[in-house]
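Here is a guided look at a protein structure, written for someone new to reading them. Please keep the sequence and the 3D view open as you go.

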Amino acid sequence: MITVTRRYRFCASHRLHSELLSDAENARVFGKCNNPYGHGHDYVLDISVTGELNATTGLVVRLPDLDRLVKTEVLAGFAYRNLNQDVAEFTELVPTTENVALVIADRLRKGWRDYFPYSSARLSGISIQETERNSFEVVISQSAESAPSFISKLNESVIVNA
Amino acid sequence: MFITRKAEFSASHVCRVDSLSEQENFELYGEESHAAGHGHNYVLEVTLEGDPDPVTGMVMDLKELKEILEREVVEPMDHRFLNFEVPPFDKVVPTTGNVAQEIWSRLEPRLSGPHFHLAKIRLFEGSDLYVDVTGKKAA
């Protein structure tokens, strides 16, 4: 088994603010990241694909196709955007990098079969650096592949906790 | 525990299958398929798993590991055109995956001792693409 990891970059702004919390609680929980005007980062996004090397091509995955998937499903909507305002998932969900990672994982899983109908290679992980000092990794096990989306699971637990 | 040693080499290559058309090669490999070739700075990270020797306190002598990486990988591949100068890449497409697999095959038999074995190699082709090859866990 071989894992190929491709690195992408995008910049975006966001504001960490939860409608479930009061203004004072938001300020306390999110600190500087709660600034009403928002702020931005240069994100580094690593996408990992696991599979067998094809004997003829020497490839686990066709990188031009992976690039097209990531550009179309993620980068086109995220790069040079305000995540809270421009990305549908974050109208209610706080765009912490944890949640950004899960949203990206969901989008890529959803598009996977359309872009790789020919391939048994699978999306095995994504990792995002928000800055050089912090990173967030989602490991996608084989059994989780057909599971419901990460975000819908998250929403269920918010409802339970509320 | 795991110990990791890094080595670097620079080499040129081209990724294309001769029996396929220009268009088909471009669909498979993108810019990597341009016939005259191009080059990368490769970075290799070699990770061993094992226990420190009770006397020396070392999983493996890093000087010896450095020499093996030099002999098996850096010396034959550094500043070479992989397709023309480094078998099996006269017959096997030198994708990052195949280069990593070849490095694994060269290192694996030389990096196993009573207390350690080769656990993983990571090969970076530039800073934005890398491949991990992992072995079976020791029983």
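## A helix in chain B

In H4(B), the buried residues are B:Thr96, B:Gly97, B:Asn98, B:Val99, B:Ala100, B:Glu102, B:Ile103, B:Trp104 and B:Leu107. A residue is called buried if 20 or more other C-beta atoms lie within 10 Å of its own, exposed if 12 or fewer, and partly exposed in between, with C-beta atoms placed from the backbone. Helices (H or I, at least four residues) and strands (E, at least two) are DSSP runs, numbered from the N terminus.

This is a predicted model, where local features need pLDDT of at least 70 and side-chain atom pairs count only at pLDDT 80 or more, while totals for chains, interfaces and linings use all residues. Residues are numbered from 1 along each chain as its sequence is written, and chains are lettered from A and ligands numbered from 1 in the order in which they are written.

Back to the helix: nine of the twelve residues of H4(B) are buried, so H4(B) is largely enclosed by the rest of the structure. What do these buried residues pack against? Their partners are E1 of chain A and, in chain B, strand E2 (38-50), helix H2 (62-77), helix H3 (82-85), E4 and E5. The length of H4(B) fits too: at 1.5 Å a residue its twelve residues should span 16 Å, and its end C-alpha atoms are 16 Å apart, which agrees. That expected span is 1.5 Å times one less than the number of residues.

B:Leu107 is buried, with 21 other C-beta atoms within 10 Å. Its C-alpha atom is separated by 9.8 Å from that of B:Leu65, 42 residues apart along the chain.

| Residue | In contact with |
|---|---|
| B:Ile103 | B:Leu44, B:Val73, B:Ile121 and B:Leu123 |
| B:Leu107 | B:Val46, B:Ile68, B:Glu72, B:Leu118 and B:Ile121 |

B:Ile103 also belongs to the largest nonpolar core, which has 64 residues; A:Ile104, B:Ala100, B:Ile103, B:Ile121 and B:Leu123 touch the most other members. Such a core is a set of buried Ala, Val, Leu, Ile, Met, Phe, Trp, Tyr and Cys residues joined through C-beta atoms within 7 Å.

## The chain around it

Chain B has four helices and five strands, in the order β-α-β-α-β-α-α-β-β along the sequence. Of its 139 residues, 33% count as buried.

Strand E4 (residues 116-125) of chain B pairs with E5(B) in the antiparallel sense over five bridges; strands pair if DSSP finds at least two bridges between them. Here B:Arg122 stands opposite B:Asp132. The two strands form a hairpin with three residues between them, and B:Gly126 in the turn has a positive phi of about 70°.

## Where the chains meet

How many residues of chain B are in contact with chain A? There are 20, and they meet 16 residues of chain A. The largest share of this side of chain B, six residues, comes from E5(B). Strand E1 (residues 2-14) of chain A pairs with E5(B) in the antiparallel sense over five bridges, and A:Val4 stands opposite B:Val131.

Notes: Contact = placed C-beta atoms within 7 Å. Lists of a residue's contacts leave out its neighbours within four places in sequence.
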